[in-house]
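Work through the exercises below with the structure open. Try each task before you read its solution.

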Amino acid sequence: MGKDQKKIILTGDRPTGKLHLGHYVGSLANRVKLQDEYRQFIIMADMQALTDNAENPEKVRDNILEVALDYLAVGIDPKKSTIFIQSLIPEMSELTMYFMNLVTLARAERNPTVKDEMRQKGFGADVPLGFLAYPISQASDILSFKADLVPVGIDQEPMIEQTNEIAEKFNRIYAPVFPPVKSLISNAPRLVGTDGKAKMSKSLGNTILISDSSTAIMEKVMSMYTDPEHVHASDPGKVEGNVVFTYLDIFDEDKAGVKEFKEHYRRGGLGDVILKQRLAAVLERIIRPMRERREKFAKNPKAVRKMLEKGTAEARSVVQETLRDVKRAMKINYFS
Ligand code: TRP
């Protein structure tokens, strides 16, 4: 099958911080797998990141390179996946403007993801309009490529629903331009943080980064939450709710070894330090090749920049094509 017959995937991230193991199990590993079978576009959604970071654009700017390095580190291959920067494709913003006329304020306020985030950020009536509109902009991200599939976490499902609503409305009012989009919901459960909190997240300070050094990994694992009642190595310990075992279940391929450790821990006699050393070694084995690849690319930021420029140019020509269809459908293709 030629490159052009492949189904199209659109996925991406807000460049607001280095990526961590939660991103890896939730989406990055999947992207590495999907890039062979699909035509995959990866958006670095800097404009979306600015909708709640308007006052520190340098954070977004600096993280473009960091996130690009994380992508390359985990094995996203720019020959197979097209990585691009949202703000460098003005046609996507243009599409957002047209789409905004198809969405009411009430509908924008009803998006459950936005509602949750507004509550978390305490925005109330002072919500920036750009933030309220980011799902409309995200619909443009997706529809600009006439994407077939969007791999997302369950919390992003309402975005796909709203995207299809906008596409249907556009098609109905003007002309059938946009095919329906399907979400590909990840079945990987959310990775808990090193502190045992439900979610690994930068703002909670409980992450293990793809770029972490072996010392950082060791320190973070050593500070992990185990069983507060397992005080002496000889005490019997709890496996359930013990974050170290949660991680071993996910990352340690030696299942028999993990089972043995669980039994030993339950019966008593297995100290936390030995247990944690096992996990640190497992994580180091996974992260080391990523870190090494990352360091190699980090030495050559010019090449990374070139890769982003090339990806953006390629993505832009696809979006321009879509915008031609859009303007023709809307009959605002004045001089063509
Ligand atoms: N909202 C996504 C996030 O916060 C990033 C994103 C922007 C995205 N545009 C997208 C994801 C389009 C999938 C498709 O991580």
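**Exercise 1. Find the helix that holds Asn164, then decide whether Asn164 is buried or exposed.**

Step 1. Asn164 belongs to helix H9, residues 157-173. Helices (H or I, at least four residues) and strands (E, at least two) are DSSP runs, numbered from the N terminus. The model is predicted: local features need pLDDT of at least 70, side-chain atom pairs count only at pLDDT 80 or more, and totals for chains, interfaces and linings use all residues. Residues are numbered from 1 along each chain as its sequence is written, and side-chain values use heavy atoms, with hydrogens and water left out.

Step 2. Take the cut-offs: buried is under 20% relative accessible area, exposed is over 50%, and partly exposed is in between (1.4 Å probe, protein chains only). Asn164 has 15% relative accessibility, so Asn164 is buried.

Step 3. List the contacts (heavy atoms within 4.5 Å). Asn164 touches Pro180 and Val181, not counting residues up to four places away in sequence.

**Exercise 2. Describe the surroundings of Gln48.**

Step 1. Locate Gln48: helix H2, residues 46-50.

Step 2. Gln48 has 7% relative accessibility and therefore counts as buried.

Step 3. Setting aside neighbours within four places in sequence, Gln48 contacts Arg14, Gln86, Tyr134, Gln138 and Asp141.

Step 4. Look for a polar contact: a pair of N or O atoms within 3.5 Å; within protein, one must be able to donate a hydrogen and the other to accept it, and residues adjacent in sequence count only if both atoms are side-chain atoms. The side chains of Gln48 and Arg14 make one, at 2.8 Å.

**Exercise 3. Which way do the residues of strand S3 point?**

Step 1. In a regular strand the side chains alternate between the two faces of the sheet.

Step 2. Strand S3 covers residues 81-85. Ser81, Ile83 and Ile85 point one way, and Thr82 and Phe84 point the other way.

Step 3. Check burial: five of the five residues in S3 are buried.

Step 4. Find the partner. Two strands pair if DSSP finds at least two bridges between them. S2 and S3 run parallel and are joined by five bridges. Met44 stands opposite Ile85.

**Exercise 4. Classify the ring pair of Phe41 and Phe145.**

Step 1. Rings of Phe, Tyr and Trp (its six-membered ring) pair if their centres lie within 6.5 Å; planes under 30 degrees apart count as stacked, over 60 as edge-to-face and the rest as tilted. By this rule there are 11 aromatic pairs.

Step 2. The centres of Phe41 and Phe145 are 4.5 Å apart and the planes are at 35°, so this pair is tilted.

Step 3. Phe41 is in strand S2 (residues 39-44), and Phe145 is in the loop between helix H8 (134-143) and strand S4 (149-152), so the pair ties together parts that are 104 residues apart in sequence.

Step 4. Phe41 counts as buried at 1% relative accessibility. Phe145 counts as buried at 2%.

Step 5. Now try Phe170 and Phe178. With 5.1 Å between centres and 70° between planes, this pair is edge-to-face. Both residues are buried.

**Exercise 5. Which residues have the most contacts inside the largest nonpolar core?**

Step 1. A nonpolar core is a set of buried Ala, Val, Leu, Ile, Met, Phe, Trp, Tyr and Cys residues joined through side-chain atoms within 4.5 Å.

Step 2. The largest core has 45 residues, and Leu21, Met44, Tyr71, Ile208, Tyr247 and Leu283 have the most contacts inside it.

Step 3. Helix H3 (residues 57-74) gives the most to this core: eight residues.
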